[in-house]
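Please keep the sequence and the structure in view while reading.

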Amino acid sequence: PPLALQPAGPDAPAPPSSGVGLYHLAIRLPSDDHVRAAFRTLASAGVEMTGTADHAVSHSLYLKDPDGIEIELYADVENWDELPENERLAIRPWDPR
């Protein structure tokens with residue numbers, strides 16, 4: 001599976017407030033329906049979710065583990081290369097219900 005790495009060095013973006021170490025884990029699910037099902041399952045179990053997002057190319061659900069590490073469950077819904085460049089970094093509200 002792919003592994004995304006955060007750049008480091010003088011030209012890199014500022015690190016997250018948690019400092020060095022793992023702060024975000026993204027898990028790609030097979031489809032949008034799987035993300036919606038995860039939302040329903042987690043909500044019915046009383047798991048607190050920290051947010052959702054429509055990123056134009058994917059739909060995401062966010063929660064934190066007991067150590068405060070952000071977990072993102074997401075599914076691709078569009079092909080990145082087929083979107084206009086001004087839409088590629090979109091973050092819009094998304095309702096997974």
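A salt bridge is a side-chain nitrogen of Lys or Arg within 4 Å of a carboxyl oxygen of Asp or Glu. The model discussed here is predicted. The structure holds four salt bridges, and the pairs described below include Asp95 with Arg97, Arg28 with Asp76 and Asp54 with Arg92.

**The pair Asp95 and Arg97**

- Asp95 and Arg97 are joined through their side chains by a salt bridge, with a distance of 3.1 Å from N to O.
- Arg97 has a relative accessible area of 70% and is therefore exposed, since exposed means over 50%.
- Asp95, at 48% relative accessibility, counts as partly exposed.

**The pair Arg28 and Asp76**

- A salt bridge links Arg28 to Asp76, and the closest N and O atoms are 3.5 Å apart.
- Because Arg28 belongs to strand S1 (residues 24–28) and Asp76 to strand S4 (residues 70–76), this pair ties together parts that are 48 residues apart in sequence.
- Arg28 is exposed, with 52% relative accessible area.
- Asp76 has a relative accessibility of 43% and counts as partly exposed.

**The pair Asp54 and Arg92**

- Asp54 and Arg92 form a salt bridge in which the closest N and O atoms are 3.9 Å apart.
- Asp54 counts as buried because its relative accessibility is 16%, and buried means under 20%.
- Arg92 counts as partly exposed, at 36% relative accessibility.

- Asp32 lies in helix H1, which covers residues 32–44.
- Is Asp32 buried or exposed? With a relative accessibility of 16%, Asp32 counts as buried.
- The side chain of Asp32 is joined to that of Arg36 by a polar contact of 2.8 Å.
- Which residues does Asp32 touch, when those up to four places away in sequence are not counted? They are His59, Ala75, Val77 and Trp94.

Technical notes. Residues are numbered from 1 along each chain as its sequence is written. This is a predicted model: local features need pLDDT of at least 70, side-chain atom pairs count only at pLDDT 80 or more; totals for chains, interfaces and linings use all residues. Side-chain values use heavy atoms; hydrogens and water are left out. Helices (H or I, at least four residues) and strands (E, at least two) are DSSP runs, numbered from the N terminus. Buried means under 20% relative accessible area, exposed over 50%, partly exposed in between (1.4 Å probe, protein chains only). A polar contact is a pair of N or O atoms within 3.5 Å; within protein, one must be able to donate a hydrogen and the other to accept it, and residues adjacent in sequence count only if both atoms are side-chain atoms. Contact means heavy atoms within 4.5 Å.
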